[in-house]
Amino acid sequence: MLTDSGTVSPRGRDEGKASPVGFVPQRFSLAGEMRVFDTVAYAAWVNGVARRECGTAAAHALDPVGLADRSKTRVRALSGGQRQRVGIAAALAHEPGLLVLDEPTAGLDPGQRLRLREVVAALGATRAVLLSTHLIEDISHSCDRAGVLAAGRMAFDGTERELTALLDETAEPVTASAGTRFERAYDALITGLGAAGE
């Protein structure tokens, strides 16, 4: 039976109170003519922050994503990675207890991916961050735990080390990097589930 109701309580939050959620989809649009600061302040207002507090909320949200110095820049002048960080700042502006990111590094060049992963890792120190991605490097560099969804159920929930331990040690080349081992363990898990369902 599929669950169609329930609650999610980010770690450290009072379960008796609703905790706001910040969400950044894989693809989103921003008004190119707006300035970065105004974009984030508007997001704060849309998410229930009092109008008089939106400026402060925007300033606080731009700092952890490294865009405080670009607050007066128009969005259209930003790089792809910077726009992604504006999206994260907009999702942070109302101080959510849980931040949900869907494929945040998709389409970014290596330098932008590195900077974004550093931002995500730093945010994870102060709030719960749920990252949905198919990029193994994102998980390796940003996540304490990994969950694997397959065929509508949670096939694995644990650390990267626990997932790679599922591999048969004799079948894995000694020279394989940690990232390669993680990819192979993931593949073995999914392949095994597919074979079991046949």
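## The sheet

Two strands count as paired if DSSP finds at least two bridges between them. Strands (E, at least two residues) and helices (H or I, at least four) are DSSP runs numbered from the N terminus. This is a predicted model, in which local features need pLDDT of at least 70 and side-chain atom pairs count only at pLDDT 80 or more, while totals for chains, interfaces and linings use all residues. Residues are numbered from 1 along each chain as its sequence is written, and side-chain values use heavy atoms, with hydrogens and water left out.

Here, three strands make an open sheet with parallel pairing, in the order β1-β2-β3. At its edges sit β1 (21–24) and β3 (128–132), each pairing on one side only. Let's look at β2 (residues 98–102): five bridges join β2 to β3, and Val100 has Leu130 in β3 as its bridge partner.

## A helix across the strands

Helix α3 (residues 80–92) lies across β1 and β2, running at about 160° to β1. Contact here means heavy atoms within 4.5 Å; axes are lines fitted to C-alpha atoms, for helices over the stretch in contact, and angles run from 0 to 180 degrees between N-to-C directions.

## The second largest pocket

A pocket is an open set of points on a 1 Å grid over the protein atoms alone, where a 1.4 Å probe fits, with protein on both sides within 12 Å along at least five of seven lines; lining residues have an atom within 4 Å of a point.

The second largest pocket is lined by 19 residues, with Leu30, Thr39, Ala43, Asn47 and Ala90 nearest its centre. The elements giving two or more residues to this lining are β1, α1 (36–46) and α3.
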